[in-house]
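Here are my notes on the model you sent over. Have it open while you read, and tell me where you disagree.

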Amino acid sequence: MVSSRSFKPRFAIVASEYNRAYTDALLKSAQAALKGHELEVVRVPGAFEIPLQVQRLARSKKYGAVLALGLIWQGRTQHAQEILRAVTDALMRISLETDVPVLHEVLAVKTEAEARARCMGTMLNRGREAAEAALALTVGSASKGRS
């Protein structure tokens with residue numbers, strides 16, 4: 001059994017380059033919340049490319065959890081919804097198939113105010129929340145005798 005004091009899980013973050021001002025803010029918040037833990041950051045071009053990289057990292061079994069960070073602007077067409085649905089379904093499947101928690105923070109927003117609040121806010125910050133959930137899932141598991 002691993003002692004919860006000595007257990008320091010490794011984490012991976014996959015972040016989209018697209019909408020970089022927002023994804024950088026999510027990434028920075030997640031990194032701050034995971035300070036002191038080993039962390040690998042991988043950038044991909046856009047939200048649609050996130051699941052493939054998450055799958056590669058989760059299958060490696062090197063990480064206690066993988067965080068997926070991105071931002072999709074909802075517009076007048078169905079394109080954004082189709083991308084978001086594909087990403088959501090893929091991330092859930094990866095988590096279930098690999099038994100590695102995947103924290104889904106590929107956000108769909110309609111306005112800049114929504115994007116700023118969810119990515120750059122102090123009260124509501126999805127990057128920080130994903131990191132805190134990853135810690136709860138991994139460190140919490142170790143304290144119950146799982147590693």
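1. First, a definition for the pairing talk below: two strands pair if DSSP finds at least two bridges between them. Helices (H or I, at least four residues) and strands (E, at least two) are DSSP runs, numbered from the N terminus. With that in hand, the bridge partner of Val14 in β3 is Ala68.

2. A word on where the values come from. This is a predicted model, with local features needing pLDDT of at least 70 and side-chain atom pairs counted only at pLDDT 80 or more, while totals for chains, interfaces and linings use all residues. Residues are numbered from 1 along each chain as its sequence is written, and side-chain values use heavy atoms, with hydrogens and water left out.

3. Now the overall layout. The chain has 5 helices and 4 strands, and reading along the sequence gives β-α-β-α-β-α-β-α-α. Of its 147 residues, 45% count as buried (under 20% relative accessible area; exposed is over 50%, partly exposed in between, with a 1.4 Å probe and protein chains only). Take the contacts (heavy atoms within 4.5 Å) with a separation of 6 or more: 76% of them join residues 24 or more positions apart.

4. β1 runs parallel to β2 (residues 39-44), joined by 6 bridges, with Val14 standing opposite Val42. Between those two strands the chain passes through helix α1 (residues 20-33), and this β-α-β crossover is right-handed (with the strands pointing away from the viewer, the path from the first strand over the helix to the second runs clockwise). Ser16 has Val44 as its bridge partner in β2.

5. Look at Ala12, which lies in β1. Ala12 counts as buried because its relative accessibility is 0%. Tyr63 is 51 residues away from Ala12 in sequence, yet their C-alpha atoms are 6.4 Å apart. Leaving out residues up to four places away in sequence, Ala12 touches Leu39, Glu40, Leu57, Tyr63, Ala65, Val66 and Leu67.

6. What about β3, residues 65-73? This strand is largely enclosed by the rest of the structure, because 8 of its 9 residues are buried. β3 pairs with β1 in the parallel sense over 5 bridges, and Phe11 has Ala65 as its bridge partner there. β3 and β4 also pair in the parallel sense, over 8 bridges, with Ala68 opposite His104. The β-α-β unit made by β3, α3 and β4 is right-handed.

7. A closer look at α1. Its 14 residues reach 20 Å from first C-alpha to last, close to the 20 Å expected at 1.5 Å a residue (the expected span is 1.5 Å times one less than the number of residues). Buried residues in α1 are Tyr22, Thr23, Ala25, Leu26, Leu27, Ser29 and Ala30.

8. Last, the α2 and α3 contact. The axes of α2 and helix α3 (residues 79-98) come within 9 Å and cross at roughly 5 degrees. That makes α2 roughly parallel to α3 (angles under 35 degrees count as roughly parallel, over 145 as roughly antiparallel, 65 to 115 as roughly perpendicular and the rest as oblique). From α2, the contact uses Ile50, Pro51, Val54, Gln55, Ala58 and Arg59, and from α3 Val87, Ala90, Leu91, Arg93, Ile94 and Thr98.

Methods: Axes are lines fitted to C-alpha atoms, for helices over the stretch in contact, and angles run from 0 to 180 degrees between N-to-C directions.
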